[in-house]
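Subject: Structure handover

Hi,

Here is the structure I promised to pass on. Please open it alongside this note. My findings follow below.

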Amino acid sequence: MSQKVIANFASKAEDIASNKKLTVQETNPKNLGQAVHNVLLGMELISVVENAYEEIASILSQVKYWVSSNLKSNLENAQISDLETRISLKLKVLDQAAETFKHKGQKLLDGSMSASAKTESHCFLIVGANGSPENRINLNTSLNIPSINSNTLGLGELSVSAPQIGLKELMMLENALAITTRLKQRSTALGTHLQGVNQHLSTAIEN
């Protein structure tokens with residue numbers, strides 16, 4: 001997504017002075033139709049992102065359940081070893097899932113869609129009848145998706161072999177789940193905004 005926007009409008013990040021609320025400055029039906037197309041693509045991207053968050057949260061919840069169960073039980077060494085293996089495999093599934101979620105071939109959970117990515121590589125969504133700054137949404141700053149995998153979530157060294165650090169492990173999992181919740185709140189907020197924009201554009205086209 002280097003120096004581009006969703007669909008057919010291209011712009012460099014240095015040309016964007018700010019990310020303001022949508023205003024439709026032109027009523028050309030063709031341009032408005034393109035804007036609607038762009039908005040729908042943006043909503044499609046958000047759907048992919050939210051599916052990713054739900055899958056990751058499901059994996060984290062399963063691992064949290066195992067860690068919590070281990071704290072409440074007196075497991076034999078063989079059982080602990082089996083649990084360690086299951087957790088390790090589950091975290092690998094998380095890493096594989098993070099690699100899988102893409103939109104139009106672009107990975108979404110590798111950090112390229114974060115606000116901290118190089119400014120010139122930020123992705124913009126044109127949601128108005130023209131490409132003016134107020135009609136551009138910076139997806140990097142709006143979604144701000146960091147690199148997501150077991151290591152970046154702080155779970156690279158997760159282990160149930162040492163019960164004395166079990167509470168720490170649970171806290172790490174709670175933190176990882178909280179991260180996914182905050183990320184989903186961002187995407188949901190943007191999705192709600194885009195739905196409103198879509199309604200506004202549809203009304204403009206009808207008029």
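Start with Ser-132. This is a predicted model, and the values here are all computed from it. Ser-132 counts as buried, because its relative accessible area is 15%, and the cut-off for buried is under 20%. Its place is in the loop between strand S4 (123–126) and strand S5 (136–138). The side chain of Ser-132 has a polar partner: it makes a polar contact with the side chain of Asn-130, at 2.5 Å.

Overall layout

The protein has four helices and five strands. From the N terminus, the order of elements is β-α-α-β-β-β-β-α-α. The protein has 207 residues, and 43% of them count as buried. The accessible surface comes to about 10800 Å². Carbon and sulfur atoms account for 49% of that surface. Take the contacts between residues at least 6 apart in sequence: 80% of them join residues at least 24 apart.

The core

Which residues touch the most other members of the largest nonpolar core? They are Leu-60, Ile-87, Leu-109 and Leu-153, in a core of 51 residues. Helix H1 (29–72), helix H2 (77–100), S4, helix H3 (139–143) and H4 each give two or more residues to this core. H1 supplies the largest share, 16 residues. In soluble globular proteins, nonpolar side chains tend to be buried together.

Leu-60 deserves a look on its own. Leaving aside neighbours within four places in sequence, Leu-60 is in contact with Leu-94, Leu-153, Leu-155, Leu-173, Ala-176, Leu-177 and Thr-180. Leu-153 is on that contact list, and Leu-153 is also named with Leu-60 among the residues that touch the most other core members.

Leu-194 lies in helix H4, which covers residues 166–206. Is Leu-194 buried or exposed? Leu-194 is buried, since its relative accessible area is 0%. Leaving out residues up to four places away in sequence, Leu-194 touches Val-39, Gly-42, Met-43, Ile-46, Leu-125, Val-127 and Ile-137. Ile-46 is one of these partners. Leu-194 and Ile-46 are 148 residues apart in sequence, and their C-alpha atoms are 10.0 Å apart in space.

Met-171 is also in helix H4. Met-171 is exposed, because its relative accessible area is 60% and the cut-off for exposed is over 50%. The C-alpha atoms of Met-171 and Lys-64 are separated by 9.4 Å. Along the chain, Met-171 and Lys-64 are 107 residues apart.

Helix H1

Val-36 is buried, at a relative accessible area of 16%. With residues up to four places away in sequence left out, Val-36 touches Asn-198, Leu-201 and Ile-205. Val-36 and Gly-128 are 92 residues apart in sequence. Their C-alpha atoms are 8.2 Å apart in space.

Ser-61 is partly exposed, with a relative accessible area of 38%. Ser-61 and Glu-174 are 113 residues apart along the chain. Their C-alpha atoms are separated by 8.8 Å.

Backbone points

Lys-104 has a positive phi of about 55°, although it is not a glycine. Lys-104 counts as exposed, because its relative accessibility is 66%.

Asn-144 is in the loop between H3 and H4. Asn-144 is not a glycine either, yet it has a positive phi of about 45°. At 24% relative accessibility, Asn-144 counts as partly exposed.

Rings

How many aromatic pairs are there by the rule used? The count comes to zero. A charge does sit over a ring, though: the charged end of Arg-86 lies over the ring of Trp-66, 5.1 Å from its centre.

Over to you.

Conventions. Residues are numbered from 1 along each chain as its sequence is written. This is a predicted model: local features need pLDDT of at least 70, side-chain atom pairs count only at pLDDT 80 or more; totals for chains, interfaces and linings use all residues. Side-chain values use heavy atoms; hydrogens and water are left out. Buried means under 20% relative accessible area, exposed over 50%, partly exposed in between (1.4 Å probe, protein chains only). Contact means heavy atoms within 4.5 Å. A polar contact is a pair of N or O atoms within 3.5 Å; within protein, one must be able to donate a hydrogen and the other to accept it, and residues adjacent in sequence count only if both atoms are side-chain atoms. A nonpolar core is a set of buried Ala, Val, Leu, Ile, Met, Phe, Trp, Tyr and Cys residues joined through side-chain atoms within 4.5 Å. Rings of Phe, Tyr and Trp (its six-membered ring) pair if their centres lie within 6.5 Å; planes under 30 degrees apart count as stacked, over 60 as edge-to-face and the rest as tilted. A charge sits over a ring if NZ of Lys or CZ of Arg is within 6 Å of the ring centre and within 35 degrees of the ring normal. Accessible areas come from the Shrake-Rupley method with a 1.4 Å probe; for residues, only the protein chains shown count as cover.
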